[in-house]
Amino acid sequence: MTPRDDSESSGPRRSRWSDLDRPPLNAAAVRRALVREGSLWREVDVVQRTGSTNSDLVARAAAGCGLREGVVLVAEEQSAARGRLDRKWVAPARSGLFFSVSLRPGDAGVPMERWGWLPLLTGVAVATGLARAGGVDTALKWPNDVLVTVGGEERKAGGILAEAAGDGGVVVGVGVNVSLRADELPVPTAGSLALAGAVSTDRDPLLRAVLRGLEEWYGRWRAAGGDAGACGLQEAYAAGCATLGRRVRAELPGDRALVGEAVAVDGDGRLILATEAGVQEPVGAGDIVHLRAAG
């Protein structure tokens with residue numbers, strides 16, 4: 001069930017080199033760098049266009065097509081990309097990193113109640129990889145946003161979405177705006193690595209660095225049985241999390257809202273809010289709005 005490459009489908013024909021500032025990924029080179037003996041990554045496929053890489057891998061798992069751990073699906077362009085709460089993610093072709101990976105933490109004995117760390121773990125890997133290969137400072141907004149600074153303001157440049165896939169599997173999707181220009185931003189609060197002053201916007205090394213970081217952190221976390229404290233993940237996430245120390249509003253399921261200071265991320269990956277009532281409330285799901293700068 002490989003997603004079809006419909007770059008030559010009906011409609012206006014577009015050359016893959018139509019935007020010389022945005023060359024296509026070198027799929028063969030990425031595959032050679034990542035798929036090796038003992039590596040987490042077993043397959044790396046790049047398609048020109050698909051609806052959603054997450055949806056493709058989830059459908060493959062549901063159909064019983066043998067979705068193994070370590071499959072990576074990358075799209076140069078997505079027509080129906082999704083974020084949390086089914087929000088749309090829109091970006092021009094070859095302007096970012098759009099990919100999904102298949103993971104099976106249960107096969108290594110990681111209890112399901114610890115799988116909530118996967119989006120946070122992926123965030124640490126993305127931030128680390130972008131810093132190493134792109135020379136750009138990033139921060140993480142709990143639970144799944146990647147932030148950059150553009151003109152002195154925090155902007156969202158990336159997002160992460162984890163979904164159950166088949167029996168015991170998880171698909172984690174990543175979208176990062178790399179070369180988007182100011183006039184291409186979908187909303188004023190969006191950003192890109194280019195607008196944040198990245199040293200490099202070459203997507204090949206960026207993709208390799210992020211996937212290597214994900215392999216490293218996932219391996220540590222899995223070996224620790226999903227204990228984020230024991231493997232250093234909890235500390236690493238807290239160090240890069242822009243939400244901690246901020247006054248925030250948590251918009252919760254059921255049209256509820258909770259306001260307080262984000263003081264910690266606990267062992268289950270939940271955000272702990274200290275409310276004005278003097279109570280510490282854990283938040284496991286919901287949208288977080290930063291109400292003021294840290295400090």
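Leu120, Leu121 and Val124 in helix α3 meet Leu233, Ala236 and Tyr237 in helix α5, where contact means heavy atoms within 4.5 Å. The residues of this contact are six nonpolar, no polar and no charged. Nonpolar covers Ala, Val, Leu, Ile, Met, Phe, Trp, Tyr, Cys and Pro; Asp, Glu, Lys and Arg are charged; the others, Gly among them, are polar.

This is a predicted model: local features need pLDDT of at least 70, side-chain atom pairs count only at pLDDT 80 or more, and totals for chains, interfaces and linings use all residues. Residues are numbered from 1 along each chain as its sequence is written, and side-chain values use heavy atoms, with hydrogens and water left out.

The axes of α3 (residues 118-134) and α5 (residues 233-240) come within 10 Å and cross at roughly 65°. Axes are lines fitted to C-alpha atoms, over the stretch in contact for helices, with angles from 0 to 180 degrees between N-to-C directions. Helices (H or I, at least four residues) and strands (E, at least two) are DSSP runs, numbered from the N terminus.

The structure holds 16 salt bridges, each a side-chain nitrogen of Lys or Arg within 4 Å of a carboxyl oxygen of Asp or Glu. One joins glutamate 215 and arginine 36 (3.7 Å, N to O). Glutamate 215 lies in α4 (residues 203-223) and arginine 36 in the loop between α1 (27-34) and β1 (43-47), so the pair ties together parts 179 residues apart in sequence.
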